[in-house]
Amino acid sequence: PSVLLTEEQMIDVMSDVYVLENAINHRRGKGIKVTNLKSKGFDAIFSHYGINDSIFSLNMDYYNENPEKMKLVMDSVNARFQRIQQEQKVSKIK
């Protein structure tokens, strides 16, 4: 891609995407309308990182074509998401 995101940048973007998609799925499961939430969420994420959907897509293609790098990214995203969930559980207890 013309703009290659580093592994750390990809982890940050993918973590936010993962949180967004889980929030959307949670709302759907509760019967809450999610009209435009996904597109608005992606727009906000991409804007925050100074990229657009085509840069993200090209980077996804790049990382998918490099399975070892993608595994590292996804393992880090999953670890980050698990840490967030654990922190939320702890804060609910307090």
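Which backbone oxygen does the side chain of S15 reach? The answer is that of I11, at 2.7 Å. This is a predicted model.

**S15 in helix α1**
- S15 sits in helix α1, which spans residues 7–29.
- S15 has a relative accessible area of 5%, so it counts as buried, the cut-off being under 20%.
- Beyond its neighbours within four places in sequence, S15 is in contact with V77 and R80.

**N59 in helix α3**
- N59 belongs to helix α3, residues 53–64.
- N59 is buried because its relative accessibility is 0%, against a cut-off of under 20%.
- A polar atom of the N59 side chain lies 2.8 Å from the backbone oxygen of I55.
- Not counting residues up to four places away in sequence, N59 touches P1, V3, L4, L5 and M10.

**Helix α4**
- Helix α4 runs over residues 67–93 and has 27 residues.
- From first C-alpha to last, α4 reaches 39 Å, close to the 39 Å expected at 1.5 Å a residue.
- M70, V73, V77 and F81 are the buried residues of α4.
- These buried residues pack against α1 and α3.
- V77, one of the buried residues of α4, is also a contact of S15.

**Aromatic pairs**
- The model has four aromatic pairs.
- One of them joins Y18 and F81 edge-to-face, with 4.5 Å centre to centre and 85° between the planes.
- That pair links distant parts of the chain: Y18 lies in helix α1 and F81 in helix α4, 63 residues apart.
- Y18 is partly exposed, because its relative accessible area of 26% falls between the 20% and 50% cut-offs.
- F81 is buried, with a relative accessible area of 15%.
- Y62 and Y63 also pair edge-to-face, at 5.1 Å centre to centre and 90° between the planes.
- Y63 is buried, at 2% relative accessibility.
- F42, F46 and F56 form one aromatic cluster.

Conventions: Residues numbered from 1 in each chain as written. Predicted model: local features only at pLDDT ≥ 70, side-chain atom pairs only at ≥ 80, totals over all residues. Heavy atoms only, no water. Helix = DSSP H or I, 4+ residues; strand = E, 2+ residues; numbered from the N terminus. Buried < 20%, exposed > 50% of the residue type's maximum accessible area, 1.4 Å probe, protein only. Polar contact = N/O pair within 3.5 Å; in protein donor to acceptor, adjacent residues only side chain to side chain. Contact = heavy atoms within 4.5 Å. Expected span 1.5 Å × (residues − 1). Phe/Tyr/Trp six-rings, centres within 6.5 Å; stacked < 30°, edge-to-face > 60°.
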